[in-house]
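Subject: Structure handover

Hello,

Here is the structure I promised to pass on. Please open it alongside this note, and then read on for what was found.

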Amino acid sequence: MSSPQKPDVELQSAPAPLSALIEVEPGIGVFFGEDVPDDLEVMPFALLDESTERELTGELATALTLGGLGLQVQELSAGVVRFDSATRALLETGHLMESGGKALGAIVNDNGRIIGQARFLVETGLQASGMLTALGAQAPLLALQIQLASISGRLDRNIELTDRVLDELRTEQIAELRSLKQVVDGAVSEARAAGGVSDHVYDPIRSRQTDVRKHRHIFHDRMDKHVRSLDASPPERRGYIRENAQRILEDINGMILAEQTWLASRVLRACTILHSDPELSENRSLFDEIVMVTRREHTVTMDRVADILDECERQCRLLVLLPPERSLPLPGKRGRYEETAALVGRLADHVARLRFGDHVGPLPVRPDIAVFEHETPGEVLGILRWILPAGETVIALADVNLPGGFRTSAGFMVVTVSGLFLASRDSVLRNGVVDQRIPLADIRYVRFRERETDGPMLDIITRDRNIVLTFGKWAAGGGKLDAARRLAELLMAAMNVPVEERRTDPRLELTPPDREPEEAGVLAPFSGATGVTDPVDPAP
């Protein structure tokens, strides 16, 4: 009897885990370990005295049950990690070797061979609820470290690239704000070097708090103006961005500088209070309040900035794709919008990192089902990418004839995971809009009818209306007819009659006890199923 083949790696010889990387909130992780990998950016806990840092580390270890994994947390350093695309790529190069349900710390490939030093354990159990909730009283300390991570020097270097592109937009106010930010950043650097925020570090910032708040309010007001102007129809939004794109970008750049300066000053103030006497209950309560309010306000501001950038990018891309306005001269216009869109994308990347994420714009439109006489027009796919609502994934796209009074008009039907969109050809190709959206949940019944000489018909009965769409003669047979039929079947899968819309009547439920409904010549009791049951001819 031959002995079993020896595995590439013996489990009992695998090293014990040396570190752990835990995603505590979307985009944010905490690292525990002896040696930080070269390709992982870890921002050590900072501006906390030794006892406070030990307190936070211990509470994190308890909440994450790291002791059960063999990690001696007291001997490990800890820090904050951004779970950006680079970090996720590092973690996805392999998976953790396990034995008895526990991670042994080695990264192995599908064949069981070790491909890297055992370093990472990604804990997921607390992601849904959020570590800040699980930590309780220690939550503000972790929140403070997260806020410090968002004002790291690496991000400052990132924004400098964008600043160089915006040099021609500089104003005296932006120059003043940049000078103020340098003062605050200098105080943060001094505090990091000193391991805390003393009065000597904070005093220069204390005298500049009025200026910090003033600049933040100015750019908040400008953001409010842009938001109000963008709360309009798509053509009006596009017109506003066409005329004000440079001003919007300058104000967004100023808002980012003002917000980062304000955030850093608030972090310094909170740490000053904690540094003076962390055991004093009044100080700890004030510290907790400052950190949590700052975190909440900063999140709201950066979300708003991201939304404005998203709208700017959409409309700039459409200004490149759509026919030019007759009142605008052609030379140079499209090139300018392409440059502006690229700049918007760079700012959006930066803002995404400040929000501990990655900038992901609308994905290219690649429908699983396409019903066109010839190839799916590339210009239609390109425009739909930027005019459909964010987060919509296109499943099907078709060239259809839309109902319109006494005659039909050429248009498009788009089916996404949540809705049905209808738009005329001019609406999409000239104006960059969709005419109507129907939630799939509103579809009650779908009927597909083939015709001998013409293209098929598609009846869509919704909660509020009946829609009749037709296909051209090119879809009357062959593969085009099959594609149209698949599209109809897709919509049939969405048919739905909500419980609140269903009705019953006792007269439709009376069935002679000795005969089946079909034999009695009456309708079967209404079961609430979608569709229509045709009456059965009485038995002879």
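Which residues does G196 touch, not counting residues up to four places away in sequence? They are L47 and A191. Please keep in mind that this is a predicted model.

**Around G196**

G196 is found in the loop between α6 (172-194) and α7 (199-206). Is G196 buried or exposed? Its relative accessible area is 10%. The cut-off for buried is under 20%, so G196 counts as buried. Its C-alpha atom is separated by 9.1 Å from that of L268. Along the chain, G196 and L268 are 72 residues apart.

**Helices**

Take helix α4 (residues 139-149) and helix α9 (residues 234-276) next. Two packed helices are described by the angle between their axes and the distance between the axes. Here the axes of α4 and α9 come within 10 Å. They cross at roughly 145°. The crossing of α4 past α9 is left-handed. On the α4 side, L141, L144, Q147 and L148 make the contact. On the α9 side, the residues are L263, V267, C271 and L274.

Q315 is found in helix α10 (residues 281-321). Q315 has a relative accessible area of 3%, so it is buried. What does Q315 contact, leaving aside its neighbours within four places in sequence? The answer is P234, R237, R238 and I241.

**Rings**

How many aromatic pairs does a search of the whole structure find? It finds 1. The pair is F372 with F412, and it is tilted. A pair of aromatic rings is described by the distance of the centres and the angle of the planes. For F372 and F412, the values are 6.3 Å centre to centre and 40° between the planes. F372 lies in the loop between β8 (369-371) and α12 (378-387), and F412 lies in strand β10 (residues 409-416), so the pair ties together parts that are 40 residues apart in sequence. Both F372 and F412 are buried.

There is also a charge over a ring. The charged end of R216 sits over the ring of W262. The distance from the ring centre is 3.6 Å.

**First hairpin: β1 and β2**

Strand β1 (residues 19-25) pairs with β2 over 6 bridges, in the antiparallel sense. L21 has F31 in β2 as its bridge partner. The two strands form a hairpin with 2 residues between them. G27 in the turn has a positive phi of about 85°.

Strand β2 (residues 28-33) is mostly covered, with 6 of its 6 residues buried. In a regular strand the side chains alternate between the two faces of the sheet. In β2, I28, V30 and F32 point one way. G29, F31 and G33 point the other way. All of these are buried.

**Strands β13 to β15**

Strand β14 (residues 457-462) has a partner strand in β13 and another in β15. Strand β13 (residues 443-449) is joined to β14 by 6 bridges, and the two run antiparallel. Here F448 has L458 in β14 as its bridge partner. Strand β15 (residues 466-470) is joined to β14 by 5 bridges, again antiparallel. I460 stands opposite I467 in β15. A hairpin of 3 residues joins β14 to β15. Strand β14 is mostly covered, since 5 of its 6 residues are buried.

Best wishes

How values were computed. Residues numbered from 1 in each chain as written. Predicted model: local features only at pLDDT ≥ 70, side-chain atom pairs only at ≥ 80, totals over all residues. Heavy atoms only, no water. Buried < 20%, exposed > 50% of the residue type's maximum accessible area, 1.4 Å probe, protein only. Helix = DSSP H or I, 4+ residues; strand = E, 2+ residues; numbered from the N terminus. Pairing = 2+ DSSP bridges. Phe/Tyr/Trp six-rings, centres within 6.5 Å; stacked < 30°, edge-to-face > 60°. Lys NZ or Arg CZ within 6 Å of the ring centre and 35° of its normal. Axes fitted to C-alpha atoms, helices over the stretch in contact; angles between N-to-C directions. Left-handed = near helix turned anticlockwise from the far one by under 90°. Contact = heavy atoms within 4.5 Å.
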